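I opened this notebook to record what I looked up in the structure. The entries follow the order in which I consulted it.

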Amino acid sequence: MSTFLLEIVTPERKVYAEDVNMVIVKGQEGELGILPNHIPLVTPLRIAPIVIKKDRSEEVIAVNGGFLEVRKDKVVILAESAELPGDIDIDRAQEAKRRAEERLDSKRDEYDHRRAELALQRAINRLEVKNRINR
Ligand code: ATP
């Protein structure tokens, strides 16, 4: 099966760099499956798990927003933050979820409300990725 290089990069570090068969991401306009030789493309990503198919196995990574860039030589996901399942601290994500829900329940200005919504999405994303691995 043919492959392409997938890199997942955050401002802090390179989270992933492997030859893969396919990556499935959630773009702002819906789900997108990228196979080798896809046409060049840049698209914003949602805060959601991405699924990587590699050697008949599947990997899931929490990608917290950012961009997907399909280049001629590789596919790059530039994310605000991203975690492999093994790097996710469940207690921390549960605590972040609880805090965000608390902030959403209290009266806040629109900016704080949006920030809490995004924090909630990141926490749910991390918990979902961890959950999928344990299923
Ligand atoms: P928190 O409120 O717990 O810091 P957050 O969503 O605000 O969560 P981010 O700003 O997205 O955190 O990320 C800051 C750094 O901490 C990144 O390197 C990210 O990968 C890491 N990180 C955040 N939450 C977790 C977690 N639950 N497990 C492992 N790493 C995490």
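**Entry 1**

I began with residues 6–82, where the chain is 74% strand and 0% helix, and the end C-alpha atoms lie 14 Å apart. I note at once that this is a predicted model. In UniProt, an unreviewed entry gives this span, residues 6–82, the feature "domain: ATP synthase F1 complex delta/epsilon subunit N-terminal".

**Entry 1: the division into domains**

I next asked into which domains the chain is divided. I noted domain 1 at residues 4–85 and domain 2 at residues 89–133. The C-alpha centres of domain 1 and domain 2 are 22 Å apart.

**Entry 2: the area between the domains**

How many residues of domain 1 are in contact with domain 2? I noted 12 residues of domain 1, in contact with 10 residues of domain 2. Between them, domain 1 and domain 2 bury about 950 Å², and 62% of this is on carbon and sulfur atoms. On the side of domain 1, I47, P49 and P85 lose the most area to domain 2; together they make up 53% of what that side buries.

**Entry 3: polar contacts and the salt bridge**

I looked for charged pairs and recorded one salt bridge between domain 1 and domain 2. A salt bridge joins E83 to R126, and the closest N and O atoms are 2.8 Å apart. I also recorded five residue pairs in polar contact between domain 1 and domain 2, both residues being at pLDDT 80 or more.

**Entry 4: the side of domain 1 that touches domain 2**

I then examined which strands supply this side: β5 (41–54) and β6 (57–70) each contribute at least two residues. β6 gives the most, with five residues. By residue class, I noted nine nonpolar, two polar and one charged on the side of domain 1 that touches domain 2.

Terms used: Residues numbered from 1 in each chain as written. Predicted model: local features only at pLDDT ≥ 70, side-chain atom pairs only at ≥ 80, totals over all residues. Heavy atoms only, no water. Domains from an automatic or database assignment. Contact = heavy atoms within 4.5 Å. Buried area = accessible area lost by both parts, 1.4 Å probe. Salt bridge = Lys/Arg side-chain N within 4 Å of Asp/Glu carboxyl O. Polar contact = N/O pair within 3.5 Å; in protein donor to acceptor, adjacent residues only side chain to side chain. Helix = DSSP H or I, 4+ residues; strand = E, 2+ residues; numbered from the N terminus. Nonpolar A, V, L, I, M, F, W, Y, C, P; charged D, E, K, R; others polar. UniProt positions renumbered as here; feature names shortened; annotations may be inferred.
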